[in-house]
Amino acid sequence: MLPDYDDVCAAAERVRRYVRETPVLTHGAIDAAAGAQVFVKAECLQVTGSFKMRGAANRLAQIPSEDRKAGVVAFSSGNHAQGVARAARLMGMPAVIVMPADAPQVKIAGVKADGGEVVLFDRDTESREEISQRIAAERGAVVVPSYDDAHIIAGQGTAGLEFARQMAASGEALDALICCTGGGGLISGIALAFERLSPATQIWTAEPEAHDDWARSLEAGEILANAPGTRSICDAILTPQPGKLTFAIGRRLFAGGLRVSDEDVKDAVRAAFRDLKIVAEPGGAAALAAALHRLPEALKGKRVGVLVTGGNVDTADFARILSERS
């Protein structure tokens, strides 16, 4: 069953003790480059460094006490992994995280720091879903999906609830909102919040141009997958295809999809650091990249919201991006 606005509100109450309200940032240089008023919600400053703590806390909080001893299993390239590991530690249950062998070391280290057990896999030859299901069956653990789950979607949607309320408190209303999109849990939850609180706001996905399953799926009106082996520096959002639940929401509520190049993303990472003084990982900067470089002409001069969704990037990679061009 699809979640709704009431589920997002219930999730906000449920996760309040585990997450922080993140700020909305602005800067004249960002506005000038985009040709619009840009409002950046910095989820890179969230607990564990990404929005994923919201959905993880909402899902794990609803596991019955008698089922918690066996723990949870999650599969993720990193940010969902860290969110689940942290939520599991805070709620007193073990966590096994299935991660690709090429995941950034900072994300693997983050999971281990919270007591999570890491199981690595080859993303080109092995199925993370099959590995997770096998471990869950062996241990009696609960599988916590990264996006295609009603509780996860509702939890992630609390970021949208905050954003809409923050904009209303400032006396502004967004004409459009752009969100980095992998499986679609965050943006679909946000869309549920904005449908009620700011229905005139257009919701746009942002993803790598070579990994544009959402843009193509929205254009076709059906779920389309990426070709195996497609690559981008945006590791956090390289999911195979939109989720069934998330696409059902997106097909109804999204305005369309924006595509960005890796060079666009690198420039956005630099702009976030230079102008906003925040650290954005490449996948977390895709929406800002879209605002800076791929904003539709109809949105020029408008009020555009952007989610910087995560800041978990290896130090060496971050330094290399910053040093490529001042």
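Some ground rules before going on. This is a predicted model, where local features need pLDDT of at least 70 and side-chain atom pairs count only at pLDDT 80 or more, while totals for chains, interfaces and linings use all residues. Residues are numbered from 1 along each chain as its sequence is written, and side-chain values use heavy atoms, with hydrogens and water left out.

**Helix 12**

Helices (H or I, at least four residues) and strands (E, at least two) are DSSP runs, numbered from the N terminus. Helix 12 covers residues 262-276, and its 15 residues reach 20 Å from first C-alpha to last, close to the 21 Å expected at 1.5 Å a residue. That expected span is 1.5 Å times one less than the number of residues.

Eleven of the 15 residues in helix 12 are buried, which leaves the helix mostly covered. Here buried means under 20% relative accessible area, exposed over 50%, and partly exposed in between, with a 1.4 Å probe and protein chains only.

**Nonpolar cores**

In soluble globular proteins, nonpolar side chains tend to be buried together. A nonpolar core here is a set of buried Ala, Val, Leu, Ile, Met, Phe, Trp, Tyr and Cys residues joined through side-chain atoms within 4.5 Å. The largest one has 40 residues, and Ile 178, Leu 288 and Val 306 touch the most other members. Helix 13 (residues 286-293) gives the most to this core, namely seven residues. Apart from that core lies another, of 28 residues, with Tyr 5, Val 8, Leu 161 and Ile 203 among them.

Contact means heavy atoms within 4.5 Å. Leaving aside neighbours within four places in sequence, the contacts of Ile 178 include Trp 204, Leu 258, Ala 287, Leu 295 and Val 306.

**Aromatic pairs**

The structure holds four aromatic pairs. Rings of Phe, Tyr and Trp (its six-membered ring) pair if their centres lie within 6.5 Å; planes under 30 degrees apart count as stacked, over 60 as edge-to-face and the rest as tilted.

Phe 163 sits in helix 8 (residues 158-169) and Phe 194 in helix 9 (residues 185-197), so their pair ties together parts 31 residues apart in sequence. Phe 163 is buried at a relative accessible area of 0%, and Phe 194 is buried at 3%.

Trp 214 in helix 10 (residues 213-220) and Phe 254 in strand 9 are 40 residues apart, so to speak a link between distant parts of the chain. Trp 214 is buried, with 0% relative accessible area, and Phe 254 counts as buried at 10%. Ring pairs also bring in Phe 247, linking it with Trp 214 and Phe 254 into a cluster.

**Asp 114**

Asp 114 is in the loop between helix 5 (105-113) and strand 5 (117-121). With a relative accessible area of 9%, Asp 114 is buried. Not counting residues up to four places away in sequence, Asp 114 touches Gln 82, Ala 85, Arg 86 and Arg 89. The side chains of Asp 114 and Arg 89 are joined by a polar contact of 2.7 Å. A polar contact is a pair of N or O atoms within 3.5 Å; within protein, one must be able to donate a hydrogen and the other to accept it, and residues adjacent in sequence count only if both atoms are side-chain atoms.
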